[in-house]
Amino acid sequence: MTTTTTTTRPAPPLPEDLTAVLKRMRLPYLRAAAPEVLATARAQRWDPAEVLRVLLAEEVRGRDEATKAMRRKTAGLPAGKTFASWREHDSSIPVPTQSALATLEWVGRAENLAISGPSGTGKTHFVEALAHKVIDAGMRVAWFTLESLTAAIGKATVDGSVAKTIARITRAELIVIDDIGMLPSGQAAAEAFYRVVDAAYERRSLAVTSNLHPSGFDTIMPKTLATAAVDRLLHHAHVIVTEGTSLRLTEATAGKGVVPLT
Ligand SMILES: Nc1ncnc2c1ncn2[C@@H]1O[C@H](COP(=O)(O)OP(=O)(O)OP(=O)(O)O)[C@@H](O)[C@H]1O
Ligand SMILES: [Mg+2]
């Protein structure tokens, strides 16, 4: 397919045998880039080593991108919110704290993050933005709500694969449990929470958000499990309390929550 607006001719396709061997070797990104790269290399008389370097770099780039896209998909992040739409000054989290967390150094140290505060104060948005950053940095994220985590562990209990499920979850460098509390949760939720906190303890980072401070989790969960889980959770944790009125409410009352009907 050629366009009439460009004067450059399309690069000649690769010889068929070369295409075949690149397919066999599973080098799709190298194969896609090769016609252009080879044409440029010919025109500019590149050193052969440079050709090899550029082609292989293209394959590495393509694979890394594909891995990230796959990880973003399997992470199950909720709404696609990133730092691009985050207004740091509208958050009650001190900006230096936001910046320090955004470096992700705490994830490298397997430290935890606990954010509690009223509804609509940006807890989920902030953690999701961090989670996207973690994936961009080449790491994995597993995103749950307490409900979805309870369901996942419950399902694994039925088919006897709890250990496997926990191992899979803790492959992620950052495990998020968004939205703990509001509704009292029972024994199953407390067990699921405890299992993940225990498995991640000093190995993986855990981020939890809640309307309740973690020290109050024993009011919504069976006390023994909640206490043991919170003890591990808070041992190496950055604890942040958000405050203020709901940004949802502010936007809604200012008429900014919807696109006006015509
Ligand atoms: N600092 C901010 N910059 C941009 N948008 C924000 C900010 N804080 C909150 N919002 C927006 O306000 C809405 C509510 O935020 P969010 O869902 O993160 O709240 P929450 O604290 O998780 O509330 P809940 O406890 O009800 O789950 C979202 O649409 C979010 O994008
Ligand atoms: Mg939330």
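Which residues in α7 meet which residues in α9? In α7 they are Leu-146, Leu-149, Thr-150, Ile-153 and Gly-154, and in α9 they are Ala-188, Ala-189, Ala-192, Phe-193, Arg-195 and Val-196.

## Ground rules

This is a predicted model, where local features need pLDDT of at least 70, side-chain atom pairs count only at pLDDT 80 or more, and totals for chains, interfaces and linings use all residues. Residues are numbered from 1 along each chain as its sequence is written, while chains are lettered from A and ligands numbered from 1 in the order in which they are written.

Helices (H or I, at least four residues) and strands (E, at least two) are DSSP runs, numbered from the N terminus. Contact is called when two C-beta atoms, placed from the backbone, lie within 7 Å.

## Where α7 crosses α9

Back to that helix pair. The axes of α7 and α9 come within 9 Å and cross at roughly 90° (axes are lines fitted to C-alpha atoms, for helices over the stretch in contact, with angles from 0 to 180 degrees between N-to-C directions). That makes α7 roughly perpendicular to α9 (angles of 65 to 115 degrees get that label; under 35 is roughly parallel, over 145 roughly antiparallel, and the rest oblique).

The residues of this contact split into 8 nonpolar, 2 polar and 1 charged. Here Ala, Val, Leu, Ile, Met, Phe, Trp, Tyr, Cys and Pro count as nonpolar, Asp, Glu, Lys and Arg as charged, and the others, Gly among them, as polar.

Take Ala-188, which sits in helix α9. Setting aside neighbours within four places in sequence, Ala-188 touches Thr-150 and Gly-154. Ala-188 and Leu-174 are 14 residues apart in sequence, and their C-alpha atoms are 22 Å apart in space.

## The nonpolar core

A nonpolar core is a set of buried Ala, Val, Leu, Ile, Met, Phe, Trp, Tyr and Cys residues joined through C-beta atoms within 7 Å. The largest one has 48 residues, and those with the most contacts inside it are Ala-131, Val-141, Leu-174, Ile-175, Val-176, Ile-177 and Phe-193. Elements that each supply at least two residues of this core include β1 (112–116), α6 (123–136), β3 (174–180) and α10 (223–235). The largest share, 8 residues, comes from α9.

Ile-175 is a handy example: beyond its neighbours within four places in sequence, Ile-175 is in contact with Ala-142, Ile-169, Thr-170, Val-196, Ala-200, Arg-204 and Leu-206.

## Around ligand 1

Ligand 1 is surrounded by 18 residues, and the closest are Ser-119, Gly-122, Lys-123, Thr-124 and His-125 (near here means a C-beta atom, placed from the backbone, within 6 Å). The shell divides into 2 nonpolar, 10 polar and 6 charged residues. Both α6 and α11 (247–253) supply at least two residues of this shell, with the largest share, 3 residues, coming from α6.

Helix α1 (residues 16–24) has 9 residues and the number buried is 0, so α1 lies largely in the open. Just after α1 comes Arg-26, in the loop between α1 and α2 (28–44). Arg-26 has a positive phi of about 50° although it is not a glycine, and with 10 C-beta neighbours inside 10 Å it counts as exposed.

Asp-179, in strand β3, also isn't a glycine but has a positive phi of about 70°. Asp-179 is partly exposed, with 19 other C-beta atoms within 10 Å.

Notes: A residue is buried if 20 or more other C-beta atoms lie within 10 Å of its own, exposed if 12 or fewer, and partly exposed in between; C-beta atoms are placed from the backbone.
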